[in-house]
Amino acid sequence: MSETINVAVDAMGGDNAPSEIVKGAAAALAANDNLRITLLGSKEPVGQALSGLDYPKERLELHETTEVIEMAEPPVNAIRRKKDSSLVVGMKLVHEGACDAFVTAGSTGAALVGGQILVGRIKGIERPPLAPLLPTANGPVLLIDCGANVDARSSQLVQFAQMGSIYMEKIVGIQNPRVALFNIGAEEEKGNALVKETFPLLKALDNINFTGNIEARDIPAGAADVVVCDAFTGNAILKMYEGVAKVLLSEMKAAIYSGTRAKLGGLLLKPALKDTLKKFDVKSYGGAPLLGLTGLVVKTHGSAKAIEVQHSIEQCIAWKQADINSVFISRMHLVDRTKTAAD
């Protein structure tokens, strides 16, 4: 029998909590015999959401919490003040080793701050990056960083590249993933000071398949498996990606329903369009892991529905089975840079 994995799930975080969160947790339990889930939240609404669902009850525990961190709250203050919130308690369970991973659709800021303060970094990791998978014409691409480190150093981007490469190999199953540095041009001499400093460092690494610079227009075509950038840039790429996809889908629907002839054509195209749209559906990829922590934290969309929550939980299973942190430590030859020479 495979090793049991215990995932803590924030039942109170996100726009659709607790109903969609709980449905996703129940579906993940039903689909994975080696999974245990600790749901964190208020007893009454979570209990109501569970009622009527078909799931293995012996593998689900409700850990009652009395507070919720709201989306608009300042993250640091919220983490310090709301000790009994579902987000804080969940991360503490990971830090203590009671749970292997934590999934939340709640405040991104609180998840990032809590991950570093409550869960803690692997020794030698300078900054944990947030790394979502995005759909492309050639399979998923890992965008790293997309929200955790707005101001980054070249040494941190180098670590992002290494962690991203390992993640794509061990979790997504891409052998020798192509790692590219985001830039405004393909030429090595282009870019700002950070990119120019980072390029030769990535080029010199022998443990990643660095393919050079990548421009924004080449990302949707699948020209790389890992795109490395600071969080300011990554978040702009992510939001533009989501916005363009939303507008295109809306315009396609409007065109199909614009008249009788268009509706007939739409019916003929429906099977092919359905397959294409499924390929670009981010819900199938789950959430964005915060890489480089001693335990796994996965931030899924605030608007996540049950299927996305389920996939986010299943990410944690794959992570645990691949023992990713041990791979980080061995391949990256990590040294604790927080220690001084006197230590």
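At 37% relative accessibility, Glu 188 counts as partly exposed, a class lying between buried (under 20% relative accessible area) and exposed (over 50%), with a 1.4 Å probe and protein chains only. Salt bridges that share partners join Glu 73, Arg 81 and Lys 82 into one network; a salt bridge here is a side-chain nitrogen of Lys or Arg within 4 Å of a carboxyl oxygen of Asp or Glu. This is a predicted model, in which local features need pLDDT of at least 70 and side-chain atom pairs pLDDT 80 or more, while totals for chains, interfaces and linings use all residues. Residues are numbered from 1 along each chain as its sequence is written, and side-chain values use heavy atoms, without hydrogens or water.

The structure holds eleven salt bridges. In one of them, Glu 73 pairs with Lys 82, with the closest N and O atoms 2.8 Å apart. Glu 73 is buried at 13% relative accessibility, and Lys 82 is buried at 13%. Lys 203 forms a salt bridge with Glu 188, at 3.4 Å between the closest N and O atoms. Lys 203 lies in helix H7 (residues 193-204) and Glu 188 in the loop between strand E7 (178-182) and H7, so the pair ties together parts 15 residues apart in sequence. Helices (H or I, at least four residues) and strands (E, at least two) are DSSP runs, numbered from the N terminus.

## Asp 230

Asp 230 sits in the loop between strand E9 (226-228) and helix H8 (231-256). Asp 230 is buried but has no salt bridge, and the nearest side chain of opposite charge, Arg 127, is 11 Å away; for charge, Lys and Arg count as positive and Asp and Glu as negative, with His and the chain ends not counted.

The side chain of Asp 230 reaches the backbone nitrogen of Thr 233 at 3.0 Å. Leaving aside residues up to four places away in sequence, Asp 230 touches Asp 145, Asn 149, Val 150, Ala 152, Leu 157 and Leu 194, where contact means heavy atoms within 4.5 Å.

## Cavity

One cavity of 30 Å³ or more is found in a search of the whole structure. On a 1 Å grid over the protein atoms alone, a cavity is a set of points where a 1.4 Å probe fits but cannot get out, and lining residues have an atom within 4 Å of a point. The lining of the largest cavity consists of Gln 162, Ser 165, Ile 166, Asn 207 and Arg 331. Helix H6 (residues 154-172) gives the most to this lining, with three residues.

Terms used:
A polar contact is a pair of N or O atoms within 3.5 Å; within protein, one must be able to donate a hydrogen and the other to accept it, and residues adjacent in sequence count only if both atoms are side-chain atoms. On a 1 Å grid over the protein atoms alone, a cavity is a set of points where a 1.4 Å probe fits but cannot get out, and a pocket is an open set with protein on both sides within 12 Å along at least five of seven lines; lining residues have an atom within 4 Å of a point. Grid points are joined across faces, edges and corners, and a volume is the space filled by probe spheres set on the points.
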